[in-house]
Amino acid sequence: MQLDYKNIYKLYKNTISIGITMNEQKILQYFPNAIEGQKLTVEVVDKLAKNHRFTPKNTLFGFSTCPDEINRTVTRFESYYGEKHFPLGGLAGYPFRGKTGFSAFSHHAPDNGNLLILYGPHIGISESGELGKILRENQSHESTACGAAIAFLNKYNSAKKNGKLYEPNYDILDMEHYQIEKMLIPHADKIISSQNQVKGLVEVNYNLIEQDIIKLIQELKHHFKGKIALVGGIMINTMNKGYFEPRRFEICYKGKVERVCL
Ligand SMILES: [Zn+2]
């Protein structure tokens, strides 16, 4: 990816150089291109408005991120494009709305308008710098984030410890999680051999989500004629702030893809 984050990184480093906390150190260590989610929002909105004429009137915002409530305040795209946004993702951020959901989303765009899609998995970082943990508002104990993805990791590790190969259970009342586990199984050994398993897990999740988002966008080209802006990355949840490490920012239009620099 060709984005130049050096200046942003420096700026980001400068903003937290006084009184850097343990979780901020971990963000820099594992996600060196992360920026505050609010800042990302402003920069993306600004670029889209100036260079591609995305406005609140001609843009429909959709997102494929985990429904976990802590993700709702990482970015603020709805404050620019309106409260009528389209959730495209399910547990762990996978685009579970699928072809039908993406097609509906595209048909709901304003006439001659555009789509903006934010996507990616999320990861908590606790105050002590532990990846995959967060202390939520009005709770006294830390919990996992992303809980859905980490639940798989725990089950896989536990089965392995007992010399067994983990097999996901088909459950009609837990279809999204079953599907997540089926998708993760082929990557599980790579994940558990990572230096940090939770970091390995979020990277695999990002790739799986992105791969399907790209396929779903391809499906739209037959009937959707406007611009589609894709903003993909990893959402990072901490107790006080949300961060986002951008991995892809591009515009798909008339069969062409244009990368955008932040
Ligand atoms: Zn989650």
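C66 sits in the loop between strand 2 (59-64) and helix 4 (77-81), and H122 in strand 5 (residues 122-124), so the pair ties together parts 56 residues apart in sequence. Helices (H or I, at least four residues) and strands (E, at least two) are DSSP runs, numbered from the N terminus. C66 and H122 are both buried. Buried means under 20% relative accessible area, exposed over 50%, and partly exposed in between (1.4 Å probe, protein chains only).

## About the model

This is a predicted model: local features need pLDDT of at least 70, side-chain atom pairs count only at pLDDT 80 or more, and totals for chains, interfaces and linings use all residues. Residues are numbered from 1 along each chain as its sequence is written, and side-chain values use heavy atoms, with hydrogens and water left out.

## Exposed and buried residues

I172 lies in the loop between helix 6 (147-161) and helix 7 (175-184). I172 counts as exposed because its relative accessibility is 62%.

A188 belongs to helix 8 (residues 188-192). A188 is buried, with a relative accessible area of 1%. From A188 to T75 the C-alpha to C-alpha distance is 30 Å, and the two are 113 residues apart in sequence.
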